[in-house]
Amino acid sequence: MEHINQLLDAMSPLLDQYGYLALIVSIFLEGVGVPMPGQSLMIAASILASRGVMNLYMVMLVSWLACFIGNTCGYLLGYYFETWLDKKGYISGDKFHKLQNYIQKYGPACLVVSRFIEGLKQFMPLACGIAKMPKHEFLIGNAIASTVWVVVFSLLTNFAFAHLHQLATFYTNHQILVWCAVALLFTALVMLILRRRKQQ
């Protein structure tokens with residue numbers, strides 16, 4: 001709770017002053033590759049929505065749109081301006097080439113996974129464009145990644161804080177069951193992604 005309170009103290013002034021515009025600008029710029037506190041702002045806005053300060057549906061809608069459009073702009077920037085980015089030294093190095101290989105191997109699944117890795121999520125759309133991922137594949141992956149990201153960090157955050165006492169009691173009484181369920185879900189997701197990629 002201490003970390004949550006620190007997050008709210010840091011993000012609330014921005015949300016109080018700029019409201020949903022702060023979410024839109026921050027999340028959009030993240031998609032283009034600029035480090036911004038988009039995810040932190042969305043989490044804070046979702047917590048405030050559980051207290052009736054903001055509207056959850058508006059938080060989710062503007063966050064999803066800003067994420068999808070920002071990622072698409074980042075992808076197009078990489079797709080059409082690869083030469084310029086290379087001259088500026090933004091995409092050089094072995095790590096970038098390894099990332100391109102992962103994109104070509106796993107496709108849109110990289111977009112979903114990267115949404116949960118700070119630093120990588122800002123760069124992944126750009127890297128997908130440079131790797132020349134087919135546009136229809138990127139759009140599908142981007143839509144799925146944006147949806148999963150918003151559901152996890154907005155909808156589930158709001159639900160958790162709206163039912164914090166009940167969830168804390170359940171977790172205390174069933175810790176082993178909860179972690180087993182999480183492990184099974186994660187394993188099933190990874191197996192599904194690898195299986196579909198192998199079939200393709």
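The following paragraphs lead the reader through a predicted model, from a surface patch to a pair of helices and then to the salt bridges.

Because the model is predicted, local features need pLDDT of at least 70 and side-chain atom pairs count only at pLDDT 80 or more, while totals for chains, interfaces and linings use all residues. Residues are numbered from 1 along each chain as its sequence is written, and side-chain values use heavy atoms, with hydrogens and water left out.

The surface carries a nonpolar patch formed by Leu14, Tyr18, Leu21, Ile24 and Val25, which together have about 420 Å² of accessible area. Such a patch is made of residues with over 30% relative accessible area and no salt bridge; nonpolar side chains (Val, Leu, Ile, Met, Phe, Trp, Tyr) are joined within 5 Å, and like charges within 9 Å. Accessible areas come from the Shrake-Rupley method with a 1.4 Å probe, and for residues only the protein chains shown count as cover. Helices α1 (2–18) and α2 (20–32) each supply at least two residues of the patch, and α2 gives the most, with three. Helices are DSSP runs (H or I, at least four residues), numbered from the N terminus. Ile24 belongs to helix α2 and is partly exposed, at 36% relative accessible area; this class lies between buried (under 20%) and exposed (over 50%), with a 1.4 Å probe and protein chains only.

The crossing of α3 past α4 is left-handed, meaning that the near helix is turned anticlockwise from the far one by less than a right angle.

The whole structure contains two salt bridges, each defined by a side-chain nitrogen of Lys or Arg within 4 Å of a carboxyl oxygen of Asp or Glu. One joins Glu82 and Lys132 at 2.9 Å, N to O. Glu82 lies in helix α5 (residues 82–87) and Lys132 in the loop between α8 (120–130) and α9 (135–162), so the pair ties together parts that are 50 residues apart in sequence. Glu82 is partly exposed at 31%, and Lys132 is partly exposed at 35%. Another salt bridge links Glu118 with Lys121, whose closest N and O atoms are 3.2 Å apart. Here Glu118 is exposed, with 55% relative accessibility, whereas Lys121 is buried, at 2%.
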